[in-house]
Amino acid sequence: SVPLLLGQVEKAAALGLDYFVIDAGWFGPKADWGSVRGDWEERPDGWLGGRMGEVSAAARKAGLKFGFWVEAESVVATSRTKKEHPDWVLPGGFYDFTNPAAFAALADKVTALLGKYEASFLKFDFNQNLDRDPTGKAFAAYNGAYRAFVREIRRRSPGIYIEGCASGGYLMDLGWARDFDSFWLSDNQSPRDGLRIVKETMLRLPPRCIDRWITARSLEKVQPDYGGKDMRLLAADDATWTFVRSFDPSYFDAFTDGGPLGFSCDLTAFSDEHLAHFKASVDEHRRLGEFWRTAVWRILCDSPNVTVFQSSDERLREVHVLVFSECPSQASVRVHPVLAAGADYLVDGKRRSAAELLRDGLAVPAPGFVELLDPPFFFRRRRTLNVLERNKVMREVF
């Protein structure tokens, strides 16, 4: 509803976010918005009552850029597009980008929507089931035409942010990163599963292309932990909030390091404490943005209980170590990072040589064990090492 979204705009602005994006369902009737996929027109009988422009205006007034969702490849049989232009649709409900008339018509429509809502962000989804290409070309021609469509939208709207859909891994190789700014990887936005997905996707894409979405809410009056605190941060372990798990807020900080950071949840459901935590996270993420943009990533440890990432500049002058762990049973995890031979590093304000760190490892502290709503307890800690040269600190220590 519009009132709900306007409340989200206020919280998003307070968190210091850049974009406010409305997902699927802004078009079509309330009864079944999916019945008109392929038409991409807001209707007065829809969920927003024809008022999406009002939400866009409120977001932009609050200092946010506006965006919306389109599934460009999808055309359902009940849509007006399919009925009026059956030759624009391929078997399986695919919009035929190889048809010049269809290509131009959809490019015109999306461009007009961007102008109407003064939007700066497009979230392209891709849910159609790729079964068999009747041309026998394994969808090569279709992919080429679809990518040309994305490039045409970008040409017509310079500076737009276009988020792509992984489509089960089908649309997320390195080449696609030339056309999309980043990728939505899964409707399951559990940070636990997200860690696994990010870890494996790093084999295909640089982390700066991998979206990290926080989907969570605060809950109190459940059961105090050993420290007496009774405010939990819950996240879903699936796409529909059927299974819920409690996470330490620091886990989200580590999960979102390195990639575009977003929130896909009810921001009004966060406690003041959690809002303050995430505000600090957003500020830190922005401050490290240039570092993340060019950082080199390594997986130092990949076990069922402990995952360790290292990110650094190419010359290993600034090194960040991230530790993820389930059920910590000791006070720290000792990590052996990759460092520049012969260099000295500043660690927590103390000078340490690379040789010493390589020999002894770096102890990353774990928080005290806390009994949570749904064990295991997840935690993360980041340690930053900055190289020293001629007894001078080369970079401010964070």
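Author: A charge sits over a ring if NZ of Lys or CZ of Arg is within 6 Å of the ring centre and within 35 degrees of the ring normal. This model is predicted, and K123 lies over the face of W184, at 3.8 Å from the ring centre.

Reader: Which residue lies over the face of W176, and at what distance from the ring centre?

Author: That residue is R147, and the distance is 4.7 Å.

Reader: How do I read a pair of aromatic rings, and how many such pairs does the structure hold?

Author: Look at the angle between the ring planes: over 60 degrees counts as edge-to-face. The structure holds 39 aromatic pairs. In one of them, F103 and F149 have their ring centres 5.9 Å apart and their planes at 90 degrees, an edge-to-face arrangement.

Reader: Which parts of the chain does the pair of F103 and F149 tie together?

Author: F103 belongs to helix α4 (residues 100–116) and F149 to helix α5 (residues 140–156), so the pair links parts that are 46 residues apart in sequence. Both F103 and F149 are buried.

Reader: What is the geometry of the pair F180 and F183?

Author: The ring centres of F180 and F183 are 5.8 Å apart and the planes meet at 70 degrees, so this pair is edge-to-face. Under 20% relative accessible area means buried. F180 therefore counts as buried at 3% relative accessibility, and F183 is buried with a relative accessible area of 0%.

Reader: How do I describe the packing of two helices?

Author: Two packed helices are described by the angle between their axes and the distance between the axes. Here, helix α1 (residues 2–15) and helix α8 (residues 272–287) have axes that come within 9 Å and cross at roughly 55 degrees. That angle makes α1 oblique to α8.

Reader: Which residues make the contact of α1 and α8?

Author: On α1 they are K11, A14 and L15, and on α8 they are L275, F278, K279 and V282. By type, the residues of this contact are five nonpolar, no polar and two charged.

Reader: Where is D187 found, and how far is its C-alpha from that of D238?

Author: D187 is in the loop between β7 (182–184) and α6 (191–201). The C-alpha atoms of D187 and D238 are 7.8 Å apart in space, while the two residues are 51 residues apart in sequence. D187 is exposed, with a relative accessible area of 54%.

Reader: With what is I299 in contact, leaving aside its neighbours within four places in sequence?

Author: With those neighbours left aside, I299 is in contact with K199, M202, V308 and F309. I299 is placed in strand β13 (residues 296–302) and is partly exposed, at a relative accessible area of 35%. Its C-alpha atom is separated by 6.3 Å from that of Q310, which is 11 residues away along the chain.

Reader: What is the phi of W241, and what is that of L316?

Author: W241 has a positive phi of about 60 degrees although it is not a glycine. L316, also a residue other than glycine, has a positive phi near 60 degrees.

Reader: Where do W241 and L316 lie, and is each buried or partly exposed?

Author: W241 is in the loop between β10 (231–236) and β11 (244–246), and at 33% relative accessibility W241 counts as partly exposed. L316 is in the loop between β14 (306–312) and β15 (318–326), and L316 is buried, with a relative accessible area of 10%.

Notes: Residues are numbered from 1 along each chain as its sequence is written. This is a predicted model: local features need pLDDT of at least 70, side-chain atom pairs count only at pLDDT 80 or more; totals for chains, interfaces and linings use all residues. Side-chain values use heavy atoms; hydrogens and water are left out. Axes are lines fitted to C-alpha atoms, for helices over the stretch in contact, and angles run from 0 to 180 degrees between N-to-C directions. Helices (H or I, at least four residues) and strands (E, at least two) are DSSP runs, numbered from the N terminus. Angles under 35 degrees count as roughly parallel, over 145 as roughly antiparallel, 65 to 115 as roughly perpendicular and the rest as oblique. Contact means heavy atoms within 4.5 Å. Ala, Val, Leu, Ile, Met, Phe, Trp, Tyr, Cys and Pro count as nonpolar, Asp, Glu, Lys and Arg as charged, and the others, Gly among them, as polar. Rings of Phe, Tyr and Trp (its six-membered ring) pair if their centres lie within 6.5 Å; planes under 30 degrees apart count as stacked, over 60 as edge-to-face and the rest as tilted. Buried means under 20% relative accessible area, exposed over 50%, partly exposed in between (1.4 Å probe, protein chains only).
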